Amino acid sequence: MNSPIDHPELGPCSVDAFLGGLVQLAQPLNGYRAGVDPVLLSASVNAKAQDTVLELGCGGGVASLCLGRRIHGLTLTGVELQPAYADLARENALRNGIELTVYAADLNTLPPEVKAQRFDHVIANPPYYDRSRSVPSENEQRETGLGGDTPLSKWVSVASKRLAPKGLLHFVQRADRLPELMSAVFKSLGSIEVQPLYARRGRDAHLVLIRAKKEGRADFRLHAPIVMHQGAQHGGNDKNYNEVIEAVLRHGAGLDFGGGA
């Protein structure tokens, strides 16, 4: 972590290293802070140079900027509800020399510039918690990132409408919300693939990555799980990531569905 900086609205921010230092991103010390999830999401996007990518709810830009560092030549666009985080994403893009166009807008009322486009990929890390069944955070900015009030069905509907024919949706979400997410995806997309992520062997899946294609017709695929950590339990400060996850988080590698240990 580099020396903290001050953001006029978000307050003190740390500048954190992602992808082993290939990406440097400012994040508020008090507020929503990205973990490994958006990095895993970006690593799972099977884009190629010249593709167009839209991130819904881009926050400080972690997923888009990690993707832009891994695959050069992408046209990256982000939409973020909170203007302060949209501003932070723009600053982070400049900090890393990656072109990212960010709009401060509600998912339900996308700006005309976004609605006029169709994208090869739409990615999102929607809020994880259904607040009808959980306790909201007292920090408003953190709560918007974690809880929100837009149902997953709306995230999927908006993503589907913004996809070009044969375009791909990529989401990361808590495993316990997979039924809700799948129900929405089945209504508008096909060729659905789910990649379960387990923290350690012997435990239930805690995250899922999901990919689906507009106008896709391939059979549903539930891939073999990726177990992120070695060993049955946490040992000290050593996270013990397996070599696949280590390559993603520390060296900017891609993450192939079904390709983990």
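## Salt bridges

R211 is buried, at 8% relative accessibility, where buried means under 20% relative accessible area, exposed over 50% and partly exposed in between (1.4 Å probe, protein chains only). The model is predicted: local features need pLDDT of at least 70, side-chain atom pairs count only at pLDDT 80 or more, and totals for chains, interfaces and linings use all residues. Residues are numbered from 1 along each chain as its sequence is written, and side-chain values use heavy atoms, with hydrogens and water left out.

R211 forms a salt bridge with E193, with 3.6 Å between the closest N and O atoms. This pair links distant parts of the chain, since R211 lies in strand 10 (residues 205-213) and E193 in strand 9 (residues 190-198), 18 residues apart. E193 also counts as buried, at 16% relative accessibility. A salt bridge is defined as a side-chain nitrogen of Lys or Arg within 4 Å of a carboxyl oxygen of Asp or Glu; by this rule the count comes to 6 salt bridges.

Another of these joins R177 to E180, with the closest N and O atoms 3.1 Å apart. R177 is buried, with a relative accessible area of 7%, while E180 is partly exposed at 31%. The side chains of R174 and D176 also meet in a salt bridge (2.6 Å, N to O). R174 is partly exposed at 25% relative accessible area, and D176 is partly exposed at 47%.

## The largest cavity

On a 1 Å grid over the protein atoms alone, a cavity is a set of points where a 1.4 Å probe fits but cannot get out, and a pocket is an open set with protein on both sides within 12 Å along at least five of seven lines; lining residues have an atom within 4 Å of a point. A search of the whole structure finds 1 cavity of 30 Å³ or more. The largest cavity has a volume of about 40 Å³, a volume being the space filled by probe spheres set on the points, which are joined across faces, edges and corners.

Residues lining the largest cavity include L19, C66, R70 and V248.

## The second largest pocket

The second largest pocket has a volume of about 330 Å³. Its lining comprises 18 residues, of which V36, K239, Y241, L249 and R250 lie nearest the centre of the pocket.

Methods
Helix = DSSP H or I, 4+ residues; strand = E, 2+ residues; numbered from the N terminus.
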